[in-house]
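Trainee: I am new to this structure and would like to go through it with you. Could we look at it together?

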Amino acid sequence: MLALSRKKDEAIVINNNIEITIIEVKGDQVKLGIKAPKSVPVYRKEIYLQIQEANKEAAGVDTLEALKGLF
């Protein structure tokens with residue numbers, strides 16, 4: 001993991017097309033602004049993990065077994 005120090009209104013750039021800016025720092029919270037192309041999904045990690053879990057449940061073992069039966 002790369003750890004960088006930034007102050008309010010400073011930014012980092014990822015892959016020439018994603019910019020993350022420090023908007024505000026209050027106590028132990030940091031507010032970030034993210035500029036990215038619409039084709040790049042941006043999620044909070046806890047939401048991303050929920051999406052991944054829902055996808056696993058939707059794929060379910062029953063569906064996999066049914067697909068195996070086709071081959």
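The conversation below covers a pocket, a surface patch and some charged pairs.

Mentor: Please bear in mind that this is a predicted model.

Trainee: Understood. What volume does the largest pocket have?

Mentor: The volume of the largest pocket is about 230 Å³.

Trainee: Let us turn to the surface. Which residues form the nonpolar patch there?

Mentor: The patch consists of Val25, Val30, Leu32, Ile34 and Val42. Together they have about 430 Å² of accessible area.

Trainee: Which strand gives the most to that patch?

Mentor: That is E3, which contributes 3 residues. Leu32 lies in strand E3, and this residue belongs both to the patch and to the lining of the largest pocket.

Trainee: Why does Leu32 count as partly exposed?

Mentor: Its relative accessible area is 45%, and partly exposed covers values between the 20% limit for buried and the 50% limit for exposed.

Trainee: Now the charged residues. How many salt bridges does a search of the whole structure find?

Mentor: The search finds 4 salt bridges. In one, the side chain of Glu24 meets that of Lys26, at 3.6 Å from N to O. Glu24 also meets Lys31 in a salt bridge, at 3.4 Å from N to O.

Trainee: What links Glu24, Lys26 and Lys31, then?

Mentor: These residues are linked in a network of salt bridges.

Trainee: Why can such side chains pair at all?

Mentor: Opposite charges on side chains can pair when the charged atoms come close.

Trainee: Where does Arg44 come in, and what is its partner?

Mentor: The side chain of Arg44 forms a salt bridge with that of Glu46, at 2.7 Å from N to O. Arg44 is exposed, with a relative accessible area of 54%, and Glu46 is partly exposed, at 42%.

Methods:
Residues are numbered from 1 along each chain as its sequence is written. This is a predicted model: local features need pLDDT of at least 70, side-chain atom pairs count only at pLDDT 80 or more; totals for chains, interfaces and linings use all residues. Side-chain values use heavy atoms; hydrogens and water are left out. On a 1 Å grid over the protein atoms alone, a cavity is a set of points where a 1.4 Å probe fits but cannot get out, and a pocket is an open set with protein on both sides within 12 Å along at least five of seven lines; lining residues have an atom within 4 Å of a point. Grid points are joined across faces, edges and corners, and a volume is the space filled by probe spheres set on the points. Patches are made of residues with over 30% relative accessible area and no salt bridge: like charges are joined within 9 Å, nonpolar side chains (Val, Leu, Ile, Met, Phe, Trp, Tyr) within 5 Å. Accessible areas come from the Shrake-Rupley method with a 1.4 Å probe; for residues, only the protein chains shown count as cover. Helices (H or I, at least four residues) and strands (E, at least two) are DSSP runs, numbered from the N terminus. Buried means under 20% relative accessible area, exposed over 50%, partly exposed in between (1.4 Å probe, protein chains only).
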